[in-house]
There are 2 protein chains.
Amino acid sequence: MASMLDTLVAKAIKIRDDSIAKVEPSLGKLPDPLPLNVTGIPAELLTKEECEITQTEPLDLIGKIALGELTAVEVAKAYLRRAALAQKLLNCVTELLPERALGRAAELDEYYRKTGKTIGPFHGLPISSKEHFSVKNRYVNASFVAWTEKFVTEDAHVIEIMESLGGVLFARSTQPQTIMHVETETVIYGTTTNPYNRNLSSGGSTGGEGALLGFNATALGMGTDIGGSARWPAASNGRYGMRPTANRIPMRGLIGPAAGAESISGAIGPLAQSRRTMEHFMKHVIGTKPWITEPGLLAVPWREAPLTPGKLKIGVLMTDDVVNPLPPVKRALNIVVEALKKGVPGWEIELVPFKAQKHDYAWELTSQLYYPDGGEKVLNLLASVGEEPLPLTKWILSENPYVKKQDIHSLWELNVKRDAYRTMYSDYWNESGKEDGHPIDVVLCPVAPGVACLHGTAKYWSYTSQWNLLDYPAATFPVTVVDQDLDKVEPDYEPMNEQDRFFYDLYSPEKFTDAPVNLQVVARRFNDDVVLQAMKIIENALGRES
Amino acid sequence: MASMLDTLVAKAIKIRDDSIAKVEPSLGKLPDPLPLNVTGIPAELLTKEECEITQTEPLDLIGKIALGELTAVEVAKAYLRRAALAQKLLNCVTELLPERALGRAAELDEYYRKTGKTIGPFHGLPISSKEHFSVKNRYVNASFVAWTEKFVTEDAHVIEIMESLGGVLFARSTQPQTIMHVETETVIYGTTTNPYNRNLSSGGSTGGEGALLGFNATALGMGTDIGGSARWPAASNGRYGMRPTANRIPMRGLIGPAAGAESISGAIGPLAQSRRTMEHFMKHVIGTKPWITEPGLLAVPWREAPLTPGKLKIGVLMTDDVVNPLPPVKRALNIVVEALKKGVPGWEIELVPFKAQKHDYAWELTSQLYYPDGGEKVLNLLASVGEEPLPLTKWILSENPYVKKQDIHSLWELNVKRDAYRTMYSDYWNESGKEDGHPIDVVLCPVAPGVACLHGTAKYWSYTSQWNLLDYPAATFPVTVVDQDLDKVEPDYEPMNEQDRFFYDLYSPEKFTDAPVNLQVVARRFNDDVVLQAMKIIENALGRES
């Protein structure tokens, strides 16, 4: 007789598989054996039109629909098929929503046919979301077997808004157990892999979106990020992803195990095919003034071009002094720095060193503040149906020396320490403007010590979680890919400590063949628009339109 | 032999008395017997010039200094003497700062003499602060005997800013035990009384500022408010006071027993002689962009005239359905409503009923969230030196049926309930715009069931604490004074419940002779500027310049 756990898992899997079976026409046979890099497979199994649609930059795609060159239904169908293929190859989907997506797309086409107008700035764009976003009349398990029968009757607020702007929700995607790994593995769905190299993780916790994105199987993903969860998967797949300042993008309708915990705030952010799609999302979602109906949000409007005209000062953080970036990441930093030194028309760019301010202590605080209950709630939820904690769950919860159960007073003390740390960091940032009155606008830094990681090894979050602790907005962009010649192991590298050694010992360029290499741009709290404008200038320096 | 408690108290009192003894020339003899209403006494004991200075509206006073008609030193001296007199009559000062104030004033005069310019928008204005604001090289006890020897070496951030804008800090003022009564009594300093009627409280917790303000012995007070603490004392003394949206006015350097508690945020707000002084404070403090050096603050600029031009929609809350307003407050509501119905040039004013949304439940949540530790920290601090909890401390802590010790999970659950309540309230507010697309801009409501209360009876905070729970900005303005003929007891009034009966039974107009009657204007989160613009229009309706 099947255990309750097996029964619940089977039910979730059936929902997923049934939803995929509805996608028509069904897909042809996969190549056997499968290559490690599966990004070439769509050209074999999808039509030329489907490939063209899904490989068109999303804002261009919106433009084509607005011009009547494509219909929303055609676009939704192409993405549904590509996402179905992604699932076969990468195990990244929790369910597709063909009926909802095609229904909505047909409405949009009808509206366009009648009025000659689009319904909003995302008219016809297929969008997808991480599993724990509420979707009307669907189950939302938030990665917990215990919750596989949790049925919700309203869309998450951000989904409501995105659909009102013309977006077409067509897919929901995988995330890890407890939503607190920066890889993606659950007891329910198994492991999600990376389209560029299936030996590698697609990142996490928004890993399903990361894989879809890397495979061009979504035009825009919506993820969450409390320690790197939007940026890791975007970076692991060579795409764009952002962790905005907390409470700018609507949070209502997210399902998770720590509702009411406030010491470190999660944030919803976009995972995108281009910088400008990411900006389009931020600008238009904030443009609806979501704080009017969700009172926890910040009433802070989006600014166009917030930088002081003509001047950009960038702090460059080459290492956090705990774990050094590995050769491909170090090379990416140098590529960008050299490009910036050559200059960007219209901008005076000043590069200054930015030194990590006790990032090891920041992680100590951060992990304590993630789990002031010592992780009890999560562990109880797993135990309630006999779900085993996976290795990365154990790593963050039980093997983490800082996690322990707090009482109200020790929680208050931790919050005070957090605020003191934030003040110290802000003072350091301000110091950079002491002489010229212009503090650095952004920091350029790694997203992680390495690129997309080998499964089960993402045991260092500090390059991303650092900015969550500070509530600084941060976004990632692609720079290069691992190069077998240029990114060799440095034979005489001396690790700084055990953590540093762990990552260095894992590394060799061969293991990470074809892996994209991303970097991160960070600004101070509320300066989400600064992050994206600075990223545009940096991409211009790299010779990209952006 | 004196107990440690007595020794510590004596030390604090000596600091106060020594500081007052330095104010020159010393004051003449007080009338004997003292009248209940002492607001006429300055005319007897101060010079005509001192009275004129201290009774000049503060922005006009700044204007006179800027024109060279008065010096900052003259103004500081006048306020120091009036505050010294206030202390003798009302027991509202914890210490005066004659050396600091006269030193700073002399610097300002020197600067003005040399350059012909003022140093900033508060040039020469005497300002005062509640005791728990850090003041450089002074003791800050935060009302706790245990902390009477706590010495601080930096000014609170807001004091730094106000001095950089030209303000002259000259006095520090009383606040109640635990800073959590809306009256003002401590074991250290005793009870602060109301200048209009010494049988009444000056309100609290910023009660010292309230008394100074009512006695025209400060030009601008700085208080804090987590349940009404800036608005009660302003209202009790017929003046202006505001509780801004949390984290708009700098908080660094406040000393209190619950640092790190975040479920309900306290806020610093102005207590002022006029609406425009209050606006001047908000606008210019926020104008310095304090979030750049205090990262917990909101980067939200001040807006001039944020209301839709020509249209103001006011929700009128006549009762919270738990405790009805007493006759003078009811009459004040009617005065304002009738004035608004007559119209204000340039404005279409629409009045709509606003119904309290479960304010009893709101108080249940609020008092739980004030003390998630069951009050342990505060009680331990008192016990550490044998300080007895005063009756109003017992009322809020031990006799409050909702206060109990939470663990991390139950705290999370309370936060979730709070957020659900905020959402429900926001939905109700939005409904008022369903038909015309223009939801109410502000709510007009009482500040309390009654006027300044009889000592020891302020056992109902909900008319103010309601807006703290919601994080809505709210400010109070004077309307009238208790009228012996118009504000009689209604003989056939039927109390709704025991709380309602408590206040009705306490009431008779005779007991509250000369007490000012204030009302409150409330807007949604972030709309601090809306509160003050709407208040201006309301004051215009009452025939005031504002």
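**View 1. Strand S5 of chain B and its two partners.** Strand S5 (residues 168-173) of chain B is mostly covered, with six of its six residues buried, where a residue is buried if 20 or more other C-beta atoms, placed from the backbone, lie within 10 Å of its own. Strands, like helices, are DSSP runs numbered from the N terminus, with at least two residues (E) for a strand and at least four (H or I) for a helix. Strand S1 (residues 93-96) of chain B runs antiparallel to S5(B) and is joined to it by three bridges, and B:Glu95 has B:Arg172 as its bridge partner in S5(B). Strand S2 (residues 126-130) of chain B runs parallel to S5(B), joined by five bridges, and here B:Lys130 has B:Ser173 as its bridge partner.

This is a predicted model, in which local features need pLDDT of at least 70 and side-chain atom pairs count only at pLDDT 80 or more, while totals for chains, interfaces and linings use all residues. Residues are numbered from 1 along each chain as its sequence is written, and chains are lettered from A and ligands numbered from 1 in the order in which they are written.

**View 2. The open sheet of chain A.** Eleven strands of chain A form an open sheet with mixed pairing, in the order S1-S5-S2-S10-S12-S11-S16-S17-S15-S13-S14; two strands pair if DSSP finds at least two bridges between them. Strand S1 (93-96) and strand S14 (348-353) of chain A are the edge strands, each pairing on one side only. Neighbouring strands of this sheet are turned by 25° against each other on average, direction ignored.

**View 3. A helix across the strands of chain A.** Helix H10 (residues 275-287) of chain A lies across strands S10 (220-225), S11 (240-243), S12 (267-272) and S16 (474-481) of chain A, and runs at about 145° to S12(A). Such angles run from 0 to 180 degrees between N-to-C directions, with axes fitted to C-alpha atoms, for helices over the stretch in contact.

**View 4. The contact of chains A and B.** Each chain gives 30 residues to the contact, with two residues in contact if their C-beta atoms, placed from the backbone, lie within 7 Å. On the side of chain A that touches chain B, helix H15 (residues 408-431) of chain A supplies the largest share, twelve residues.

Methods
A residue is buried if 20 or more other C-beta atoms lie within 10 Å of its own, exposed if 12 or fewer, and partly exposed in between; C-beta atoms are placed from the backbone.
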